[in-house]
Amino acid sequence: MENVTVLGAGSWGTALALVLAGNNHDTLVWTHRGEQADEINIHHTNQKYLPNIQLPEKLVATSNLEEAIHHSDIMVVAVPTKAIREVCGSMEQFLKDKKLFVHVSKGIEPDSLMRISEILSESLSPDIVEEIVVLSGPSHAEEVVLHHPTTITAACSNLDAAEKVQDLFMNNYFRVYTNDDVVGVELGGALKNVIALAAGISDGLDYGDNAKAALITRGLAEITRLGVKMGGNPFTFAGLTGMGDLIATCTSVHSRNWKAGNMLGKGLKLDEVLSQIGMVVEGVRTTKAAHQLSERYDVPMPITTALFEILFNEKEPKVAVDELMIRMKKREIDLY
Ligand SMILES: NC(=O)C1=CN([C@@H]2O[C@H](COP(=O)(O)OP(=O)(O)OC[C@H]3O[C@@H](n4cnc5c(N)ncnc54)[C@H](OP(=O)(O)O)[C@@H]3O)[C@@H](O)[C@H]2O)C=CC1
Ligand SMILES: O=C(CO)COP(=O)(O)O
């Protein structure tokens with residue numbers, strides 16, 4: 001059994017800490033809020049993120065980052081994309097020996113257009129990084145904490161490191177595969193959030209099943225088009241971290257991205273939507289990044305472009321859908 005530290009006590013960090021503690025790893029959760037550490041240690045709950053879930057007493061939290069880092073040589077980084085650089089910056093002073101970093105965030109940074117593993121590599125000295133492994137796939141925290149069957153992928157170019165993460169998390173309800181295609185896995189996990197926002201908008205407009213199936217399928221086509229041009233393996237996009245996560249996120253009431261899209265489709269403004277949800281909606285920033293990537297790589301991404309116009313240029317969702325439908329005719333299957 002291992003000592004493991006989980007950085008971030010939102011819904012996913014807490015759910016993953018439960019998997020690890022359930023696998024008998026000595027698991028310490030770090031939160032940047034002292035009152036949340038107290039809530040977890042004293043009341044064994046995390047009401048904001050996982051209401052009505054009783055946490056086991058053996059799951060311990062701290063708001064002391066130095067303690068969290070010294071606890072373990074395995075750091076599971078579970079904060080939103082926009083917090084990664086800040087958390088890395090805070091960790092740097094306490095990191096002395098090499099550690100295995102596992103990240104679980106699903107975003108792309110606008111402007112730098114970096115994936116999470118690239119941000120981690122840039123922010124952390126190579127002297128303290130053993131490997132960076134990404135854990136991604138169709139996995140809503142709300143279902144994982146109920147031990148509903150879940151499959152996920154640990155990806156690293158070094159498959160030994162991916163297998164170490166596989167062994168750490170795997171149990172009878174949490175099945176972990178490995179993949180060496182980090183680019184494909186990270187892009188699939190981040191870009192599905194863009195399409196989930198679009199699927200939510202379609203549902204908010206009451207456009208029904210045909211429209212949603214179209215968004216999922218054509219969304220996968222544009223994710224794959226970009227992902228392959230960026231070096232991802234086409235088969236990865238048909239796998240758990242591509243099609244799998246796209247289906248889970250576009251069709252689930254648990255998805256914050258789908259929910260945000262649904263509210264936008266019903267006419268709410270983006271600011272109101274984000275404040276009502278109160279948890280990270282990664283797809284918003286990633287839509288900006290994906291739009292920039294489509295221009296940089298000269299890859300047409302019509303759904304992403306339409307969503308960019310809705311989110312950032314106040315285009316009416318209904319108008320954006322009308323424009324998508326009357327684009328120039330084309331073949332369904334395009335070669336990468
Ligand atoms: N929820 C899920 O089912 C899944 C989520 N993911 C991914 O995991 C990542 C985290 O998501 P999730 O846990 O759901 O997000 P939540 O919104 O549920 O929680 C985010 C957590 O990060 C903390 N946080 C935010 N900013 C900082 C910061 N600057 N420093 C330290 N901590 C910070 C928040 O603290 P505070 O409470 O103070 O705001 C909160 O504890 C995302 O990239 C998401 O896409 C991946 C798979 C499944
Ligand atoms: O990535 C997720 C499930 O696999 C979570 O999606 P949301 O962030 O939309 O809730």
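Predicted model: local features only at pLDDT ≥ 70, side-chain atom pairs only at ≥ 80, totals over all residues.
The UniProt annotation "binding site", taken from an unreviewed entry, covers S11, W12, H32, R33, Y49, K106, A141, R256, V280 and E282.

R256, by contrast, belongs to helix α12, which spans residues 256-265. Here 24 other C-beta atoms lie within 10 Å, and because a count of 20 or more is the mark of a buried residue, R256 is classed as buried. Leaving aside residues up to four places away in sequence, R256 touches I277, M279, V280 and V281.

Turning to the overall layout, the domain assignment divides the protein into domain 1 (3-180) and domain 2 (183-326). The centres of the two domains, taken over C-alpha atoms, are separated by 25 Å. Where the domains meet, 26 residues of domain 1 are in contact with 26 residues of domain 2. On the domain 1 side of this contact, at least two residues each come from helix α5 (116-123) and from strands β6 (129-136), β7 (150-155) and β8 (174-179). Strand β7 gives the most, with four residues. Sorted by class, the side of domain 1 that touches domain 2 comprises eleven polar, ten nonpolar and five charged residues.

Terms used: Residues numbered from 1 in each chain as written. Chains lettered and ligands numbered in written order. UniProt positions renumbered as here; feature names shortened; annotations may be inferred. Buried ≥ 20, exposed ≤ 12 C-beta atoms within 10 Å, placed from the backbone. Contact = placed C-beta atoms within 7 Å. Domains from an automatic or database assignment. Nonpolar A, V, L, I, M, F, W, Y, C, P; charged D, E, K, R; others polar.
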